[in-house]
Amino acid sequence: MPKTQFINPADVRKAQRLELGSIPVNQYDRSLKEELSRYSREDLLRIYRDMQIIREFETMLNLIKTTGEYKGTPYSHPGPAHLSIGQEASAVGMAYHLNIDDYIFGSHRSHGEILAKGLSAIQKLEDEELLGIMRDFFDGRILSIVEKGHQGNIKSLALKFLTYGTLAEIFARETGFNKGLGGSMHAFFTPFGIYPNNAIVGGSGDIAVGAALYKKVNRKPGIVVANIGDASLGCGPVWEGLTFASMDQFRELWEGDMKGGLPIIFNIMNNQYGMGGQTCGETMGYTYAARVGAALNPELMHTERVDGYNPLAVIDAYERKMKIIDEKKGPIFLDVLTYRFSGHSPSDSSSYRSKEEIEAWESVDSIISFGNELKDAGVADQAKLDQIR
């Protein structure tokens, strides 16, 4: 028989009020200079490098789709290309503290998330572990391609392995991470904790909950991140996942070391648009996606809106929220504010938003802004940033 709780009519019929707490919005206020005690110069430059890698990867795909070539190399790619140009800081910030025991499930435009998680895994793994993963994966087939003529260390070789395997998968090549069968919309690489994105909008919103439940009942280490776009908050699977993950029974009825919430972060990549309109206006009518968290459990899912244009703000949020999960007080809901410069796909002219709005966001481009902060803090000069790019 399932466990039950005595429902006392004298208690539940009392006149009372439910008081909801407050939700922090963009509260991170530390300058990069102030963060020099927390990050080494190498850490900060790696954050900048990872953002640049994602930007160039996505720019390449956009050019191939719109012009049929990249840097003089012609190529025809008839498959989908849902790009995240502009969202690099939010992806790199999300992945910074995660290791291979932490799983991410991708949003509808997940190339940047895949690369960010892979780059984080490469940084944390020892060289021998990296070599072992690359040698064992498909009997070293991808490794044999990228190691030809390679000059550099193991981590730089792994970077080639990651970008090649992802790109070959997007181009439906047999040498891709999933032998070309997943393509852009279902790419994954489980040795780095990268699980599939989903062509179903918001599909990761409930699949990731299953992964979190698996970790919990099997006492597996790590957390799960469900990357989903703001427009997915209008989709059934996301609400199924949110309500399941927030059930009182995990805290009230489960016992022993099983007692406590699921180890999951619902990471809303809030680029403020769906396929053809604003989510905060015409589609769902909310001002802050973070408001959703207030409805789901007494802790408001530890909800927070984070400035996803600042990678250090996202990293800081993850550091704090992962501690909450360690205390078995999950789930977490993060509204990560960002913006996509590109349309829903390269064929989307973005006629539903103004040129002035796009230019306003481009003027505070996270890569340019972070680069300027690196220069102001004396971490790098323009020559170093140019070299990284």
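## Cavities in the model

Two cavities of 30 Å³ or more are found when the whole structure is searched. The model is predicted: local features need pLDDT of at least 70 and side-chain atom pairs count only at pLDDT 80 or more, while totals for chains, interfaces and linings use all residues. Residues are numbered from 1 along each chain as its sequence is written, and side-chain values use heavy atoms, with hydrogens and water left out.

A cavity is a set of points, on a 1 Å grid over the protein atoms alone, where a 1.4 Å probe fits but cannot get out; lining residues have an atom within 4 Å of a point. Its volume is the space filled by probe spheres set on the points, which are joined across faces, edges and corners.

## The largest cavity

The largest cavity holds about 70 Å³ of space. Its lining consists of Arg46, Asp50, Val92, Ala95, Tyr96, Ala116, Leu119, Ser120, Gln123 and Lys124. Helices α2, α3 (88-95) and α4 (111-124) each contribute at least two of the lining residues, and α4 provides the largest share, five residues. Helices here are DSSP runs (H or I, at least four residues), numbered from the N terminus.

By class, this lining has five nonpolar, two polar and three charged residues. Ala, Val, Leu, Ile, Met, Phe, Trp, Tyr, Cys and Pro count as nonpolar, Asp, Glu, Lys and Arg as charged, and the others, Gly among them, as polar.

## The second largest cavity

About 40 Å³ of space lies in the second largest cavity. It is lined by Ile54, Ser84, Gln87, Glu88, Ser90, Ala91, Arg109, Gly112, Glu113 and Met269. Both α3 and α4 supply at least two residues of this lining, with α3 giving the most, three residues. The lining divides into three nonpolar, four polar and three charged residues.

## Packing of α2 against α14

Helix α2 (residues 41-67) also meets helix α14 (residues 366-376): their axes come within 10 Å and cross at roughly 155 degrees. That angle makes α2 roughly antiparallel to α14 (over 145 degrees). Axes are lines fitted to C-alpha atoms over the stretch in contact, and angles run from 0 to 180 degrees between N-to-C directions. The crossing is left-handed, the near helix being turned anticlockwise from the far one by less than a right angle.

In this contact (heavy atoms within 4.5 Å), Leu44, Leu45, Ile47, Tyr48, Met51, Gln52 and Arg55 of α2 meet Ser366, Ile367, Phe370, Gly371 and Leu374 of α14. These comprise eight nonpolar, three polar and one charged residues.

Definitions and conventions: Parallel < 35°, antiparallel > 145°, perpendicular 65-115°, else oblique. 1 Å grid on protein atoms, 1.4 Å probe; cavity = no way out; pocket = protein on both sides within 12 Å on 5 of 7 lines; lining within 4 Å.
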